[in-house]
Amino acid sequence: MKPDIHPDYHEITVIMTDGTTFKTRSCAGNPGDTIRLDIDPKSHPAWTGVQRVIDTGGQVAKFNKKFAGIGTRKK
């Protein structure tokens, strides 16, 4: 293996959607950084079986505004 080609592998803190935290090692960010998750196994429908709309950045509102008139007949 070539020396000095691999990224720094350090400890970070992960905050899940319910506020619980855990420490793990990662190449992301800098040592001691915190990553806040938008979706995790406790909230994602694939694991929970419960469907809910997750609106990040107003995407659902933007979609509804763009396609509000589709399917309605004009008189």
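Is Asn30 buried, exposed or partly exposed?

A quick word on what we are looking at. This is a predicted model, in which local features need pLDDT of at least 70 and side-chain atom pairs count only at pLDDT 80 or more, while totals for chains, interfaces and linings use all residues. Residues are numbered from 1 along each chain as its sequence is written, and side-chain values use heavy atoms, with hydrogens and water left out.

Now the opening question. Asn30 is partly exposed, because its relative accessible area is 49%; buried means under 20%, exposed means over 50%, and partly exposed is in between, using a 1.4 Å probe and protein chains only. You will find Asn30 in the loop between β2 and β3. If we leave aside neighbours within four places in sequence, Asn30 is in contact with His10 and Ile12, where contact means heavy atoms within 4.5 Å. Asn30 and Asp8 are 22 residues apart in sequence, yet their C-alpha atoms are 8.5 Å apart in space.

Let's step back to the whole chain. The protein has two helices and three strands, and along the sequence they come as β-β-β-α-α. Helices (H or I, at least four residues) and strands (E, at least two) are DSSP runs, numbered from the N terminus. Of the 75 residues in the protein, 13% are buried. The accessible surface comes to about 6,700 Å², and 55% of that belongs to carbon and sulfur atoms; these areas come from the Shrake-Rupley method with a 1.4 Å probe, and for residues only the protein chains shown count as cover.

Let's follow β1, residues 10–15. Five of its six residues are buried, so to speak mostly covered. β1 runs antiparallel to β2 (residues 21–26), joined by six bridges; two strands pair if DSSP finds at least two bridges between them. Looking along that pairing, His10 stands opposite Ser26, Val14 has Phe22 as its bridge partner, and Ile15 has Thr21. Five residues lie between the strands of this hairpin, and Gly19 takes a positive phi near 95° there.

On β1's other pairing, with β3 (residues 34–36), the sense is parallel, over three bridges. Thr13 has Thr34 as its bridge partner in β3.

Leaving aside neighbours within four places in sequence, Ile35 is in contact with Ile12, Thr13, Val14, Ile15 and Ala28. Take one of these, Thr13: Ile35 is 22 residues from Thr13 in sequence, and 6.3 Å from Thr13 in space, C-alpha to C-alpha.

In the segment before β1 sits Asp4, which has a positive phi of about 65° although it is not a glycine. Asp4 counts as exposed, because its relative accessibility is 82%.

Finally, which residues make the nonpolar surface patch of about 320 Å²? They are Phe63, Phe67 and Ile70, and Phe63 lies in helix α2, residues 59–66. Patches are made of residues with over 30% relative accessible area and no salt bridge, joining like charges within 9 Å and nonpolar side chains (Val, Leu, Ile, Met, Phe, Trp, Tyr) within 5 Å. A salt bridge is a side-chain nitrogen of Lys or Arg within 4 Å of a carboxyl oxygen of Asp or Glu.
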